[in-house]
Amino acid sequence: MQLSIHYYILSLSNQTCRLYEGFRDKLIDIQNKNFPFESSIDAGNPDSQNTQLREFFLKTDQHFGHYYKQDPLRLVVAGEKKNLAVFDALSFHRDVIVGTVEGDYTATSAHDLGKIVWPVVKVAIAGANKNALRDLEKAARVKKVVSGIDAVGQSVETETGSTLYVEEDYHVKGSIHNTDQTLIRSKHVNLLEVLDDVVDFIIEKVLKTGGTVIFLNNGSLQKLERIALILRG
């Protein structure tokens, strides 16, 4: 299963567990019969609290499994250190966890939690690439870089395992035409839908073909029109 900018966030606590669906740093709070999932732990019985907590998190994991089967996305887990350890020990989905965030975020808004979790996902996507900008400059000297949304959009259709560089808040409303890979711009777009943002479409394409995506601060790629792709060939 490939990494993606579309993922799940599971927020753990002794009282309530919440599940969110993330698109970059934007989160949707999933609310139905499975989530939020409320605990029935008996605070007056400290001897059995650990057992009850394990049962609660095991059921939480089972509830998450319902969504994972329908849409298998990567997962970030947030919670206090002890709760993260308990969940990791019993979860049947530990292989899809790309990162954790330590702390109790029960009272944190979806907006603020998205800002906290998204950097963890970005690191997972990029991997340990400490020489990202140096690699980009080196590739540019030997003319192995294409830049600009149109050129990059066409190149990702034939490139595999490439490295994409994109500014953090760069969005282009529209999609890419299936026949000739030309850019289609649109004024009326829901940016939470991946295919409605050409930039997100390109990011997903690179990740699905075994490539790497490096997110950079706004203004870092101004000379390259905010997006660039290192060609492997």
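Begin by selecting Val198, Val199, Asp200, Phe201, Ile202, Ile203, Glu204, Val206 and Leu207 in α6, which are buried, a word that here means under 20% relative accessible area, with exposed meaning over 50% and partly exposed the range in between (1.4 Å probe, protein chains only). Helices and strands are DSSP runs numbered from the N terminus, a helix being H or I over at least four residues and a strand being E over at least two. Because nine of the eleven residues of helix α6 (residues 198-208) are buried, the helix is largely enclosed by the rest of the structure.

Before going on, note that this is a predicted model, in which local features need pLDDT of at least 70 and side-chain atom pairs count only at pLDDT 80 or more, while totals for chains, interfaces and linings use all residues. Residues are numbered from 1 along each chain as its sequence is written, and side-chain values use heavy atoms, with hydrogens and water left out.

**The two ends of α6**

Select Asp197 at the start of α6, where one of its side-chain oxygens comes to within 3.0 Å of the backbone nitrogen of Val199. Then move to Gly210, which follows α6 and has a positive phi, near 80 degrees.

**The cores**

Next select Leu164, Ile202, Ile203 and Val213, the residues with the most contacts inside the largest nonpolar core, which has 32 residues; such a core is a set of buried Ala, Val, Leu, Ile, Met, Phe, Trp, Tyr and Cys residues joined through side-chain atoms within 4.5 Å. The largest share of this core, six residues, comes from α6. A second, separate core of 22 residues includes Tyr8, Cys17, Leu19 and Phe35.

Stay with Ile203 and display its surroundings: leaving aside residues up to four places away in sequence, Ile203 touches Ile5, Arg24, Leu164, Val166, Val213 and Phe215, where contact means heavy atoms within 4.5 Å.

**Salt bridges**

Which residue does the side chain of Asp200 meet in a salt bridge? Select Arg24 to see the partner, at 2.7 Å from N to O; a salt bridge is a side-chain nitrogen of Lys or Arg within 4 Å of a carboxyl oxygen of Asp or Glu. Asp200 lies in helix α6 and Arg24 in the loop between β2 and β3, so the pair ties together parts that are 176 residues apart in sequence. Asp200 is buried, with a relative accessible area of 4%, and Arg24 also counts as buried, at 4%.

Now select Arg18 and Asp29, which form a salt bridge whose closest N and O atoms are 3.2 Å apart. Arg18 lies in strand β2 (residues 16-23) and Asp29 in strand β3, so this pair ties together parts that are eleven residues apart in sequence. Arg18 is partly exposed at 23% relative accessibility, and Asp29 is partly exposed at 25%.

**Aromatic rings**

For the last stop, select Phe35 and Tyr67, an aromatic pair that is tilted, with 6.0 Å from centre to centre and 50 degrees between the planes. Rings of Phe, Tyr and Trp (its six-membered ring) pair if their centres lie within 6.5 Å, and planes under 30 degrees apart count as stacked, over 60 as edge-to-face and the rest as tilted. Phe35 is buried, with a relative accessible area of 0%, and Tyr67 is buried at 11%.

Terms used. A polar contact is a pair of N or O atoms within 3.5 Å; within protein, one must be able to donate a hydrogen and the other to accept it, and residues adjacent in sequence count only if both atoms are side-chain atoms.
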